[in-house]
Amino acid sequence: MSDDLTQKLPGDKEAIAPQDDDRISLLVIAVQSLSSSVQSLSSEVQSLSSEVHDVRARLETLEKTVTEHSFETKPIWERALAEIAATRAELAETRAELAETRAELKAEIAETRAELKAEIAETKAELRSEMKDGFRKLALKIELLNEDSLTLRADQRQLDRRVEALESKTP
């Protein structure tokens, strides 16, 4: 090796062998290809970055809209829940009233039944008594009719005999 380093510089064409030159040109081509690929990737990354930025903007707009709608619908929902709760309370109150009314009706029906049974028993007893009296009176009347009928028959027989006697005396 020589001490003079200025004689063979890497940029000198004579100092570089033809094989090295091909390798260097391949490396340069590869670097240029990589550089263009990096530029292409860089533009794609920028494109993706702008798309992500657009998606973020749309998402923020959507979140804002949802938040606004939630503020708009929240009072409606709260009113609906309050009405549901009120309806449930009214339903429970109505059920309690119905249960109370049902118990009262059962008690009234039982009381009315007892009263009717007592009245029926009393009426039955009165009717039996009246029927007995009525049958006794009817029996007496029938007995009187029989007596009257017998008396009339007897009177008729006596009259028939008298008429026969008078007819036999008449020429």
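Predicted model: local features only at pLDDT ≥ 70, side-chain atom pairs only at ≥ 80, totals over all residues.

User: OK, and where is I142 found?
Analyst: I142 sits in helix α1.

User: Which residues form the nonpolar patch on the surface?
Analyst: That patch is made of L127, M131, F135, L138 and I142. Together these residues have about 490 Å² of accessible area.

User: How much of the chain counts as buried?
Analyst: 0% of the 171 residues. To count as buried, a residue needs under 20% relative accessible area.

User: And what does the accessible surface come to?
Analyst: About 16500 Å² for the chain, with 59% of that belonging to carbon and sulfur atoms.

User: Switching to charges: which residues gather in the patch of negative charge?
Analyst: Here they are: E90, E93, E97, E100, E104, E108, E111, E115, E119, E122, E126 and E130. The patch is on the surface, and E93, one of its residues, lies in helix α1.

User: How many salt bridges are there?
Analyst: The count comes to one. R136 pairs with D133, and their closest N and O atoms are 3.5 Å apart.

User: How are R136 and D133 placed along the helix?
Analyst: They are three residues apart in helix α1, so about one helical turn separates them.

User: Is R136 buried or exposed? And what about D133?
Analyst: R136 is exposed, as its relative accessible area is 54%. D133 has 37%, so D133 is partly exposed.

Methods
Residues numbered from 1 in each chain as written. Heavy atoms only, no water. Patch = residues over 30% accessible without salt bridge, like charges linked within 9 Å, V, L, I, M, F, W, Y side chains within 5 Å. Areas by Shrake-Rupley, 256 points an atom, 1.4 Å probe, with all protein chains shown as cover. Salt bridge = Lys/Arg side-chain N within 4 Å of Asp/Glu carboxyl O. Lys, Arg positive; Asp, Glu negative; His and termini not counted. Charge placed at Lys NZ, Arg CZ, Asp CG, Glu CD. Helix = DSSP H or I, 4+ residues; strand = E, 2+ residues; numbered from the N terminus. Buried < 20%, exposed > 50% of the residue type's maximum accessible area, 1.4 Å probe, protein only.
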